[in-house]
Amino acid sequence: MDKAKAQKKLNKLKRGVACFVQEAGVKLRFPQTTISSAVVLAHRMMVQDVVQSQKDVELLSQSCLLIASKTTETPTRVRDVVNVVYKMTHPPPSPPLEIGSEYKKIKEEVIAYEHVVLRSIGFHVNLELPYNYLLNYAKSMQLDTVVVKTAWSLVNDGLINPSFALHSHGPSAAAVAAIYLALEILRESEFEMILNLAPKWWDCFQVSLEQIRELYDLILEVYEETQQGEPLPNINPRAFAGDWDHYLSTLL
């Protein structure tokens, strides 16, 4: 396999894991900022190629969700996180995880892996996400609610892509790119109005058009995969639950 194809498969794997973390966060009823924090933490860990098996995916997901819940002040129990991820990877007819020796072993592994994650990222857990920038910029531009909601959703989906989540342009530029794309998608009349009043409105936020286009393309990559018949493998994690080892062997 050439280097380009190998990288493409690795990126697809990372996006799949990010979707898995998102799905678990939704099931835990975490707020979006907590879920996205967990996704970014997972991406930072996956730079080190830590995912080699289903067990790695489970431990990484559980640990990142627990760390994110603490840093974003979203109280949760280790038991809840363990149970949600277990159910996702052991769907019916598999029996639920009972409180016993197996649960105790998993809990200890998760707590230990949580420390591994923290050490690996140098305990830098205070993540800066695009959401606050997005809301502040939208308010200053007096954007319609539908534009803000669309841009918010674009950020959520964009963070699935590790290249977007870890981009050096930072969260401010990511927020501007999401607003720009949202305005284009909705073809709002205010898009033309904004261009007429301030042809380079992004300059107000110290973001260049080149940065916008680069991040814009990274958001679109997430959608282009589904359009090209290559859906992200775990937008529905249950579709391949229990078969991670085989799945990973086809990608790595």
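## Helix packing and selected residues

Helix 6 and helix 7 run roughly antiparallel to each other, since angles over 145 degrees count as such and the two axes cross at roughly 160 degrees. The model is a predicted one. Helix 6 spans residues 131-141 and helix 7 spans residues 145-158, with axes that come within 11 Å. The crossing in which helix 6 passes helix 7 is right-handed. On the side of helix 6, Tyr131, Leu134, Leu135 and Ala138 make the contact; helix 7 contributes Val148, Ala151, Trp152, Val155 and Asn156. Sorted by class, this contact has 8 nonpolar residues, 1 polar residue and no charged residues.

The structure holds 0 disulfides. Cysteine 64 is buried, at a relative accessible area of 0%, whereas cysteine 204 is exposed, at 62%.

Arginine 79 lies in helix 4, which covers residues 78-89. Its relative accessible area of 37% makes arginine 79 partly exposed. Leaving aside residues up to four places away in sequence, arginine 79 touches Ile99 and Tyr103. Between arginine 79 and isoleucine 106 there are 9.7 Å in space, C-alpha to C-alpha, and the two residues are 27 residues apart in sequence.

The accessibility values are listed here.

| Residue | Relative accessible area | Class |
|---|---|---|
| Cysteine 64 | 0% | buried |
| Arginine 79 | 37% | partly exposed |
| Cysteine 204 | 62% | exposed |

Notes. Residues numbered from 1 in each chain as written. Predicted model: local features only at pLDDT ≥ 70, side-chain atom pairs only at ≥ 80, totals over all residues. Heavy atoms only, no water. Axes fitted to C-alpha atoms, helices over the stretch in contact; angles between N-to-C directions. Helix = DSSP H or I, 4+ residues; strand = E, 2+ residues; numbered from the N terminus. Parallel < 35°, antiparallel > 145°, perpendicular 65-115°, else oblique. Left-handed = near helix turned anticlockwise from the far one by under 90°. Contact = heavy atoms within 4.5 Å. Nonpolar A, V, L, I, M, F, W, Y, C, P; charged D, E, K, R; others polar. Disulfide = S-S within 2.5 Å. Buried < 20%, exposed > 50% of the residue type's maximum accessible area, 1.4 Å probe, protein only.
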